[in-house]
Amino acid sequence: MLRVIIAAALAFSLFSFGGDRIHAEGNNLQFEISAKPNKDYAEIRMTVLNTGDKAVKLVFSSSQKYEFSIRAKGGKEVYRYSADKSFLQALQELKLKSNESHTWVEKWNYRKNNGELVPSGEYAVKATLLGKKNKGETITAKTTLVVPFVTDIKTTGQKGIYTIEGIAHTKERLTFTVEDGHKELLSKQPVAVTDVGSFKVNVKIKTEDLPKNGTLLLYFQEVNGKQSDPVILERFPS
């Protein structure tokens, strides 16, 4: 009896967790999603794996193979993959041999479907594999994603004179510092952010302060103490 209960629990288990990846299982299929924040976009990676001993065929009712949505803390949806897309309305198939997988990768630019920037912070990402095996149920997987408070950073310049442009995903006051890895060359400087979130700062470092062997780094800070990943201004000798 105990074996029956355990087997039933495993059969109906939908989700398992591991690191930043979360996958769902069902009908000899494993569906996994991961969301990796990059400086300009988040990479949404979805993989379906045939865990069974036999080949399977997934049938899709259109050219849309998956759906995913992104929700802010509190549950409000800010982005839906299919909202601004159209799909061919014709049956599609995906065949997978035993232990064979297929991966789809999408990019999200940290904006709502209407183009507005989303604030920094943690978001929930939920994906659904729309293909069905033998008219079975769809499989859904979830993960989380942290949107950085500065993105789209672009730098130009050399020899101590630089321009840095980017997008701020925060209403908090922003500052930046510059260092060479050993000492701070510029203490906290204010960043002026426009109403649409863009900013541009100019940096000038005295020639005698430039490192002979090292890397000039810029960091952004929020007033609450959060600090960005380093922005490389220049490596020396260049």
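Predicted model: local features only at pLDDT ≥ 70, side-chain atom pairs only at ≥ 80, totals over all residues.

Residues are numbered from 1 along each chain as its sequence is written, and side-chain values use heavy atoms, with hydrogens and water left out.

**Exercise 1.** Find the partners of strand 4.

*Solution.* Strands here are DSSP runs of E, at least two residues, numbered from the N terminus, and two of them pair if DSSP finds at least two bridges between them.
- Step 1: Start with strand 3 (residues 29-37), which runs antiparallel to strand 4 over 9 bridges. Here K36 is opposite E43, and 4 residues separate the two strands of this hairpin.
- Step 2: Now take strand 9 (residues 101-108), antiparallel to strand 4 over 8 bridges. There, W104 is the bridge partner of M46.
- Step 3: Check the cover: in strand 4 (residues 42-50), 7 of 9 residues are buried (buried means under 20% relative accessible area, with a 1.4 Å probe and protein chains only).

**Exercise 2.** How are the rings of W108 and Y123 arranged?

*Solution.* Rings of Phe, Tyr and Trp (its six-membered ring) pair if their centres lie within 6.5 Å; planes under 30 degrees apart are stacked, over 60 edge-to-face, and the rest tilted.
- Step 1: There are 9 aromatic pairs by this rule. In one of them, F68 and Y81 are stacked, 5.3 Å centre to centre with 25° between planes.
- Step 2: F68 has 1% relative accessibility, so it's buried.
- Step 3: W108 and Y123 have centres 6.2 Å apart and planes at 65°, so they're edge-to-face.

Technical notes: Buried < 20%, exposed > 50% of the residue type's maximum accessible area, 1.4 Å probe, protein only.
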